[in-house]
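Trainee: Could we go through this model together? I would like to begin with the DNA.

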Protein chains: 2
Amino acid sequence: MSYKHKKVITIGIVSELTGLSERQIRYYEERRLIEPERTRGGTRKFSFTDVEKLVEIANQMEDGLQTAEIRRLEQKAQQQKDAKVRDQMIRGQLNAAFPNRNKS
Amino acid sequence: MSYKHKKVITIGIVSELTGLSERQIRYYEERRLIEPERTRGGTRKFSFTDVEKLVEIANQMEDGLQTAEIRRLEQKAQQQKDAKVRDQMIRGQLNAAFPNRNKS
DNA sequence: CGTGTAAGGAATTCTGACACG
DNA sequence: CGTGTAAGGAATTCTGACACG
């Protein structure tokens, strides 16, 4: 896992990086748009990808979307990516089984 | 500036990532081996490159080096890099001035 | 020199709740 | 629904100092 995905940033810094209030960030977590980790003491830890997601969320909120809609859109997008990865893996299996076949 | 260089990590997280005590980290700052930024309130903020430096420092301390020596070594290494960049820039200027000259 | 620790205080974060719309 | 805020408490961090070696 790269630095981008390491959960190391506290909410105050995230607030500065995104321009969102801490209240907003906590609320988006409650609505399961992001999933920060926690320290033993309970302090939230975010990654840079979380920060990127939050900026994206902020834009969508500005567009008048509700959190539930944003979550659904995010899930759809994720499923598309998963499907793509699946296809790639299947292609890989086929290439391994039939090394010199024509490209499909 | 990439994520690697953004100062966003608090000392507790850095301590976990490096295995160093907060005391050690603060001391290495005092000896100017690292330069964290600060929040308005005074809380230190480190980057992933700081974390990498600290791991390097930890290794050098294990090898019996003193902080002053580590700082000198670091400065030497930095100067080498600077010199390399200077050379590259000079080469670039030359190439711009004499486009089709023989390579030197 | 490098690091642990106790001390006191300040900054940061947390949760649950009330408010507004 | 989304967000601000005051409240009380807990976790986190800060500095300067003393200790040891």
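Mentor: Four residues of the surface near DNA strand D come from α2(A), the largest share; near means a heavy atom within 4 Å, and helices are DSSP runs (H or I, at least four residues), numbered from the N terminus. This is a predicted model, where local features need pLDDT of at least 70 and side-chain atom pairs pLDDT 80 or more, while totals for chains, interfaces and linings use all residues. Residues are numbered from 1 along each chain, chains are lettered from A and ligands numbered from 1 in the order written, and side-chain values use heavy atoms, without hydrogens and water.

Trainee: Which residues come nearest to DNA strand D?

Mentor: Among the 22 residues around DNA strand D, the nearest are A:Ser21, A:Tyr27, A:Thr39, A:Thr67 and B:Arg44.

Trainee: How far is the polar side-chain atom of A:Tyr27 from a phosphate oxygen?

Mentor: That distance is 2.5 Å for A:Tyr27. For B:Arg44, a polar side-chain atom lies 2.3 Å from a phosphate oxygen of DNA strand D, and for A:Arg31 a side-chain N or O atom is 3.0 Å from one.

Notes:
Polar contact = N/O pair within 3.5 Å; in protein donor to acceptor, adjacent residues only side chain to side chain. Helix = DSSP H or I, 4+ residues; strand = E, 2+ residues; numbered from the N terminus.
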